[in-house]
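I opened the model today to look up its fold and the surroundings of its ligand. My notes are below the entry.

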Amino acid sequence: MNLKGATALVTGGSNGIGLAIAKTLIDGGCKVAVTGRDEKRLLTAARSIGASPIHADVAKEADVLRTYKEVLQQFGHLDILINNAGFGVIKPLVEMDLASFEKVFATNVTGAMLMAREAAKHFIERKSGNIVNIGSTAAVRGAAKGTAYYGSKFALRGMTECWRAELRQYNVRVILVNPSEVLTDFYATAGLPQNKENPTKLRGEDIAHAVRAVLEMDDRGFTIETTVFATNPKE
Ligand SMILES: NC(=O)c1ccc[n+]([C@@H]2O[C@H](COP(=O)([O-])OP(=O)(O)OC[C@H]3O[C@@H](n4cnc5c(N)ncnc54)[C@H](OP(=O)(O)O)[C@@H]3O)[C@@H](O)[C@H]2O)c1
């Protein structure tokens, strides 16, 4: 697709990987709306890259419906959904509390489904569209303490395959992008240590580059899944 003049919606576009993707799409000529729950951070981030802010939580159905209302009012139509909003709780199975588990699934799985559902209605009508789900290497192999987060990303990968099977006939490309470790606030939010200065680890821009590349392929084809590794990461 040609990004020039296209319209995109990036969930969790107020920080980290989502913000980098939004900036890259704007650099490529897209009009972009970004969502997030922390309004102050959202407004600052959107202003910094020239995106339209939409204060919304993907886990709340009313917010999702309002998000599409606002996007379509502003842009007239939508070409690209980037389902990026997500976070992790990393705990052993025997310590997993129901509230944490359900919170992770509410954003990473239910939220992604609600966002994709509304995009799909629009894309089916237009017989065109792109859904890029930001998965993880946690979507392709399990690990200790991964019940909630890895489980949610496996679910996202499964939904990606279902949506692809349903939507190809309407020329809708459904793509999964799996980052390995990226230097963002994700680790801090999950209560995990991460050296943000490590030059050998991936940056949000690297994932944004991969997303732009898969989108820019001619519409006759698409990369169904792509995984991004750091070349030689050192702790
Ligand atoms: N960093 C990594 O190593 C890594 C690796 C693989 C995959 N990923 C995936 O990449 C995606 C982005 O993560 P990141 O590393 O960029 O983390 P981040 O820097 O913490 O950014 C997460 C973004 O998602 C938003 N968000 C979280 N929950 C939301 C909700 N319910 N509704 C709307 N927005 C929400 C956050 O804003 P608010 O909190 O203000 O809502 C923020 O803008 C996630 O899906 C994550 O699982 C990250």
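**Numbering and confidence.** I number residues from 1 along each chain as its sequence is written. The model is predicted, so I kept the limits in mind: local features need pLDDT of at least 70, side-chain atom pairs count only at pLDDT 80 or more, and totals for chains, interfaces and linings use all residues.

**Overall.** I looked up the secondary structure and found seven helices and seven strands, where helices (H or I, at least four residues) and strands (E, at least two) are DSSP runs numbered from the N terminus. Read from the N terminus, the elements go β-α-β-α-β-α-β-α-β-α-β-α-α-β. The radius of gyration, taken over C-alpha atoms, is 17 Å, close to the 18 Å that the globule rule gives for 235 residues, so the protein is as compact as a globular protein of that length. That rule is 2.2 Å times the number of residues to the power 0.38. Along the principal axes, the C-alpha atoms fill a box of roughly 45 × 35 × 35 Å.

**Sheet.** I traced an open sheet of seven strands in the order β3-β2-β1-β4-β5-β6-β7, with parallel pairing; two strands pair if DSSP finds at least two bridges between them. β3 (52-55) and β7 (225-228) stand at the edges with a single partner strand each, so one side of each has no neighbour in the sheet. On average, neighbouring strands are turned by 20° against each other, direction ignored. For angles, axes are lines fitted to C-alpha atoms, for helices over the stretch in contact, and values run from 0 to 180 degrees between N-to-C directions.

**β5 and β6.** Six bridges join β5 (residues 129-134) to β6 (residues 172-179), which run parallel. Here Asn130 stands opposite Arg173 in β6. Helix α5 (residues 147-167) packs on the sheet, touching β5 and β6, and its direction makes about 160° with that of β6. Contact between two residues is C-beta atoms, placed from the backbone, within 7 Å. Helix α7 (residues 204-216) also packs on the sheet. α7 touches β4 (80-83), β5, β6 and β7, at about 155° to the direction of β6.

**β1 and its partners.** β1 (residues 7-10) pairs with β2 in the parallel sense over four bridges, and the bridge partner of Ala8 in β2 is Val32. The chain goes from β1 through α1 to β2 in a right-handed β-α-β crossover. Right-handed here means that, with the strands pointing away from the viewer, the path from the first strand over the helix to the second runs clockwise. β1 pairs with β4 in the parallel sense over three bridges, with Val10 opposite Ile82 in β4.

**Ligand.** Which residues are closest to the ligand? I found 30 residues around the ligand, the closest being Gly12, Gly16, Arg37, Asp38 and Gly86; a residue is near if its C-beta atom, placed from the backbone, lies within 6 Å. α1 (16-27), β2 (31-36), α4 (98-126) and α6 (186-189) each supply at least two residues of this shell. α1 gives the most, with three residues.
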